[in-house]
Amino acid sequence: MLEQLSIDHPSYLRKDASESTVMAPPTNPNPADSSAKQSLEAGLAALKQQDYPTAIALLESVTQTAANQSSGIRAQMGLVAAYKATGNRKKAIALCSSLAKSPNSQVKTWADRALTELTPPRPSKPPANKPKSPETPPETGFVAFDAGTKSPKKSIGGDGLRPASLRPTADKKTGFLPLEPTAAPGNAKSQPISPPPPSPTSPTSELENSTETAPDTAEISGENSSGSPTDIPGVASPDTYQLTWREAGRAKSPRPLKPLKLLEFRLQAVASAIALFFLARFILQFLLTNTNSLLVQLYIFSRLPIFAPIQLFYRDPTPFVQMVFGLLLASSPWLIDALLKLFCGIETLRGSVLSKHSKEASRVLRSYCTKQNMPVPVLKLLPLNVPVAFSYGCLPRFARIAVSRGLLEQLTDDEIATIFARELGHISHWDFAPMSLALLVIQIPYLIYWQVAHWQERLCDLMTIEFLRSAVKFVAAAISAISYGIYKLLRWPMLWLSRRRVYFSDRTVAEITGNPNGLTRALSKIAIGIADNIEQQKQTSFFLESFDLLLPVGVGQAVTLGSAALHAPLEQILLWDVSNRERNWLTVNRAHPLLGERLKLLALYAQFWKLETELDLANAGVQEQPRKGKLSLFKSILEFKDSKLFLQGAPFFGIPMSLAIVGVLWLIGGIFSRTSIWQLDWLWGDRSILWGCLPIGFSIGTLMRINYFFPDITPRETASPSLPEILSNPDSLPLDAEPVRLEGQLLGRSGMSNWLGQDLILQTATGLVRLHYVSRFGYIGSLWPFLFKETTRPSDLIGTSVVATGWLRRGATVAIDLESLRSQGGKVSDSGHPIWSAILAFAAAFWGAYIIIQGPR
């Protein structure tokens with residue numbers, strides 16, 4: 001039963017306003033248990049007051065009466081702190097040795113760390129002075145680097161693009177309080193930075209936050225300044241947790257990995273580009289046709305010649321789209337250069353500047369390009385503080401690699417080299433070309449959305465007539481909203497390629513540098529840097545959103561994971577990414593694979609080369625072995641029907657289910673067509689039934705899950721979890737909608753660019769959470785609220801302290817479907833997710849019925 005106990009879970013460690021001691025877990029009717037718990041609380045209180053004799057006496061009595069229970073474990077951990085404070089290290093070590101044998105992995109890890117602190121370390125031998133001669137492993141053909149070539153670490157804040165030699169103070173910091181650097185990258189040992197994640201079968205047994213230090217009397221039962229409990233000595237709250245890096249080493253002569261299947265991958269990349277072409281053609285033809293239809297109606301109504309339909313719009317747009325795609329692909333390097341120059345002020349990154357920040361990156365560029373027989377890409381520098389990097393172009397000879405100033409400042413020598421190796425992988429795999437084309441295609445509607453929202457504000461400021469201002473806002477809101485919707489739609493054909501290519505590039509980095517641990521640190525720091533940039537800018541910049549397809553880490557992932565990484569161990573917040581059984585299904589609408597899954601693969605590469613791993617993810621999320629024997633198809637369908645995944649995707653699974661109904665109806669029609677009962681023979685082969693049942697199936701599926709998706713929100717059942725708690729549950733799905741009430745500051749873009757709630761982020765004490773908003777009157781209510789006397793949009797509350805109430809969704813990203821957003825000033829913005837889910841379901845049902853009634857045409 002010990003695995004089922006949450007030793008430091010806030011659900012029973014909260015402090016009541018009328019009490020001065022921390023509440024124990026739910027009371028047990030057994031008098032002995034009640035007495036043990038009272039002694040435990042009294043002992044921990046005495047330990048906090050540094051009354052060690054009393055604390056030892058009380059806690060020892062608890063260990064004798066409840067040794068194998070939760071209170072007994074906590075008492076033993078408190079005794080370790082008391083013994084250490086009184087100088088009785090022998091007893092403390094003995095008690096830690098006993099705790100280290102606990103079946104609870106978190107208690108065992110805590111005890112191991114305490115033993116490390118209590119046991120005096122052996123004096124280390126001074127490292128031998130070795131010459132810095134490069135060693136080239138025959139398997140890869142690239143230069144391997146030892147510890148002597150690793151550049152000093154850099155601070156997150158940065159101090160400009162100065163060389164490492166001119167930053168003696170900043171070079172000693174990474175911004176994350178590192179442990180002692182390894183002396184030899186290949187076999188160095190270092191202290192672990194965080195406890196390993198708990199097994200998927202017992203997620204509640206996880207210690208929420210932990211530190212590197214041994215038990216200390218300053219972290220005793222009670223609450224810290226922020227109100228979060230710290231009941232176990234040595235377990236830090238989110239306010240005291242500090243992220244540290246192990247600085248795990250690299251392989252000097254890595255064994256070669258299996259070759260990648262690049263031919264199949266490149267064919268799939270071409271297929272994605274073709275799918276993008278047909279989708280763009282369909283959208284353009286739809287817009288042209290409906291524009292002419294609108295003009296015809298206006299012409300009939302007004303009889304004005306200016307509303308006459310445009311004859312050019314009736315032509316087939318295929319040749320035009322082909323020409324545009326060809327021009328965009330051929331000129332992609334220079335067009336993207338122009339975009340970045342116009343909006344970001346991109347500059348050329350000189351090789352000497354790169355060498356000052358990462359000599360290894362310069363060597364990797366030269367050696368890899370020489371081996372692949374391709375020219376060195378043109379290097380570009382983005383004067384941005386956010387750490388990002390990406391590659392673009394049409395051919396390897398015209399390829400560019402753009403990195404930001406923030407990346408050069410916040411990452412170390414070897415980490416910068418892994419990012420450059422990653423971009424070289426994209427160029428050598430040729431996936432950068434279709435992705436560059438896709439970026440330019442989606443930039444067209446995105447720039448319209450952005451610039452229309454921007455310039456309408458300036459135009460309205462120049463107008464004095466209220467009617468004209470309202471008309472301009474009305475038209476601009478429609479154009480901006482439609483453009484943003486097209487931007488989101490055009491991303492879909494490239495999402496699969498965007499996810500797939502990341503795995504290939506991460507693998508290439510490991511092969512080129514032999515440093516999967518360096519890439520692990522680099523990707524983690526990029527996620528943290530993106531989240532930090534959003535907190536500083538108080539919004540998601542247009543650059544981050546529009547270039548999301550090319551970034552090393554997805555912005556949607558980085559918002560939550562990057563901010564939570566400063567409050568809890570990375571293994572804890574990435575547990576869902578490596579443990580959830582349905583995670584692959586929940587990433588189909590994401591441009592990047594799960595960060596935890598990527599870092600786990602990198603840890604497996606490190607294990608393959610017998611390296612210490614930067615994060616304890618290699619063995620995390622091991623799934624149970626499937627049962628032997630094959631299940632019947634019928635039984636498999638029944639098991640899937642009862643699973644959460646079926647309800648989660650019920651609206652989409654309802655579509656193929658409707659096809660089965662169509663087959664039954666056609667079969668009935670076919671049977672009756674061969675009899676004298678002619679009244680039902682029309683069912684045979686009726687295509688209107690086929691097309692009509694598709695939206696009906698979607699409607700039935702939506703209605704099936706609506707009650708699960710939006711449970712009633714009552715004040716008593718509404719929780720206020722911290723972000724690490726939200727991320728720690730490996731089994732949750734978006735269907736498991738937990739009613740929550742979170743307080744924080746509302747971040748996001750202001751003005752028309754955020755009228756649809758495109759960028760709503762709640763900044764809480766433990767991280768950032770995205771918010772999803774739908775007006776009670778739908779998109780019309782969001783764009784023109786005055787039509788329905790609804791004057792408060794969420795964008796009107798940007799920058800204020802708010803209370804967000806809604807349903808928590810834990811999927812590939814974390815988000816809250818809003819029920820309401822209330823500011824301190826009393827302004828309320830209500831959302832209508834359940835209402836519009838029901839409206840969508842009934843509208844689909846009526847549409848399907850209408851198609852069937854109309855019959856075949």
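**What the labels rest on**

Modeller: The protein chain has 28 helices and 10 strands, taken as DSSP runs (helices H or I, at least four residues; strands E, at least two) numbered from the N terminus. This is a predicted model, where local features need pLDDT of at least 70, side-chain atom pairs count only at pLDDT 80 or more, and totals for chains, interfaces and linings use all residues. Residues are numbered from 1 along each chain as its sequence is written, and side-chain values use heavy atoms, with hydrogens and water left out.

Colleague: Why is Cys96 called buried?

Modeller: Buried means under 20% relative accessible area (1.4 Å probe, protein chains only). Cys96 has 0% relative accessibility, so Cys96 counts as buried.

Colleague: And what makes Cys344 count as buried?

Modeller: Cys344 comes out at 15%, so Cys344 counts as buried too. Across the protein chain, buried residues are 53% of the 857 residues.

Colleague: How many disulfides are there?

Modeller: A disulfide here is a pair of cysteine sulfur atoms within 2.5 Å. Searching the whole structure turns up 0 disulfides.

Colleague: Which residues line the second largest cavity?

Modeller: Gly556, Gln557, Thr560, Leu561, Arg810, Ala812, Thr813 and Val814. A cavity is a set of points on a 1 Å grid over the protein atoms alone where a 1.4 Å probe fits but cannot get out, and lining residues have an atom within 4 Å of a point. Helix H18 (residues 555–564) gives the most to this lining, with 4 residues.

Notes:
On a 1 Å grid over the protein atoms alone, a cavity is a set of points where a 1.4 Å probe fits but cannot get out, and a pocket is an open set with protein on both sides within 12 Å along at least five of seven lines; lining residues have an atom within 4 Å of a point. Buried means under 20% relative accessible area, exposed over 50%, partly exposed in between (1.4 Å probe, protein chains only).
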